[in-house]
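Morning, everyone. I have one structure to walk through today. Here it is on the screen.

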Amino acid sequence: MSVWKKLITAVKGGATEAAQNVADSQAIRILEQEIREAKEELRKSDHARTQILAKRKLSQQKIDSFDASIAEYEAHARKAVDNDRQLALDCAQKVSELKEERAQEQSYLDQFQQSEKQLAGNIQQAKANLRRLEQQVDMVKATESVQKAQVAVSSRHMGANSKMKTATESLSRIQDKQKLRNAELEAAEELAGEESSSDLEKRLASAGIKGGTTSADDELSRILGK
């Protein structure tokens with residue numbers, strides 16, 4: 001595979017992944033739209049079923065009409081058979097034609113009944129599936145709300161922990177500065193004490209009380225026995 005083909009494949013893969021991420025983030029909204037579309041299709045199915053029911057009723061009415069006409073012409077044939085055989089035969093021919101038309105209409109009626117029965121079962125099954133789907137969507141939405149609340153609480157807890165950590169670090173820095181300041185004050189006191197002690201020693205030496213040149217003279221006098 002050439003480099004360009006690999007790049008094109010990578011771009012296609014990235015686009016697909018981005019589209020999938022968008023679809024996942026809008027999953028509930030997409031699902032609700034799909035349910036609305038399914039309801040619209042069910043509404044059309046109900047309308048189609050109504051039309052089939054209407055045609056079935058019309059077909060049934062035609063069959064009833066054929067039955068009435070057949071019975072009427074059969075009665076005419078029975079009445080005419082003794083006086084006018086040809087008229088009786090014509091009535092019998094009419095009955096035969098009506099029966100053919102009735103048989104044709106009966107086939108239509110059977111088809112309407114079969115279609116209506118099958119459509120009613122399919123619509124009932126689709127509506128049951130849709131109700132279950134809506135219940136599952138309600139559960140998904142409720143779970144989504146709970147998880148969002150949990151995420152919000154967790155985020156606030158993490159924020160509190162972060163702030164607590166920052167405050168602890170600030171306190172530690174302040175304590176370190178205070179320790180350094182105390183050490184500096186102690187050092188200053190020690191230096192002041194040393195300077196004060198050195199001054200006292202100088203004063204004692206100058207007075208011949210302690211150390212210095214006077215003490216050396218005394219020591220020399222002691223050595224010479226004076």
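Start with helix H2, residues 27–80. That is 54 residues. At 1.5 Å a residue, H2 should span 80 Å. The end C-alpha atoms of H2 are 78 Å apart, which agrees with that expectation. Keep in mind that this is a predicted model.

Now the overall content. The protein has four helices and zero strands. Read from the N terminus, the order of elements is α-α-α-α. How much of the protein is buried? Of the 226 residues, 10% are buried. Residues 24 or more positions apart account for 76% of them.

Back to H2. Which residues of H2 are buried? The list is Ile35, Leu42, Ile52, Ser59, Ile63, Phe66, Ser69, Ile70, Ala77 and Ala80. And what covers them? The cover includes helix H3, residues 85–206.

So let's look at that pair. Two packed helices are described by the angle between their axes and by the distance between those axes. Here are both values. The axes of H2 and H3 come within 6 Å, and they cross at roughly 160°. An angle over 145 degrees counts as roughly antiparallel. H2 and H3 are therefore roughly antiparallel to each other. The handedness of the H2 and H3 crossing is left-handed. What is the contact made of? Its residues divide into 31 nonpolar, eight polar and 20 charged.

Next, some individual positions. I'll take them along H2.

Ile35 first. Ile35 sits in helix H2. Ile35 counts as buried, because its relative accessibility is 6% and the cut-off is under 20%. Which residues does Ile35 contact, leaving aside neighbours within four places in sequence? They are Leu130, Leu133, Glu134 and Val137. There is also a sequence-versus-space figure here. Ile35 and Arg131 are 96 residues apart in sequence, yet their C-alpha atoms are 9.8 Å apart in space.

Then Ile52, which is on the buried list for H2. Ile52 takes us across to a charged residue, Glu116. Glu116 is found in helix H3. Is Glu116 buried or exposed? Glu116 is buried, since its relative accessible area is 10%. Again leaving aside neighbours within four places in sequence, Glu116 is in contact with Arg49, Ile52, Leu53 and Arg56.

Now Ser59. Ser59 belongs to helix H2. Its relative accessible area is 1%, so Ser59 is buried. What does Ser59 touch? Not counting residues up to four places away in sequence, Ser59 touches Glu105, Tyr108, Leu109 and Phe112.

One more serine, Ser107. Ser107 is in helix H3. How far is Ser107 from Ser59? The two are 48 residues apart in sequence and 9.6 Å apart in space, C-alpha to C-alpha. Ser107 has a relative accessible area of 26%, so Ser107 is partly exposed. Ser59, by contrast, is buried at 1%.

To recap. H2 and H3 are roughly antiparallel, with a left-handed crossing. From the H2 side, Ile35 and Ser59 are among the buried residues. Over to you for discussion.

Conventions. Residues are numbered from 1 along each chain as its sequence is written. This is a predicted model: local features need pLDDT of at least 70, side-chain atom pairs count only at pLDDT 80 or more; totals for chains, interfaces and linings use all residues. Side-chain values use heavy atoms; hydrogens and water are left out. Helices (H or I, at least four residues) and strands (E, at least two) are DSSP runs, numbered from the N terminus. The expected span of a helix is 1.5 Å times one less than its number of residues. Buried means under 20% relative accessible area, exposed over 50%, partly exposed in between (1.4 Å probe, protein chains only). Contact means heavy atoms within 4.5 Å. Axes are lines fitted to C-alpha atoms, for helices over the stretch in contact, and angles run from 0 to 180 degrees between N-to-C directions. Angles under 35 degrees count as roughly parallel, over 145 as roughly antiparallel, 65 to 115 as roughly perpendicular and the rest as oblique. A crossing is left-handed if the near helix is turned anticlockwise from the far one by less than a right angle, and right-handed if clockwise.
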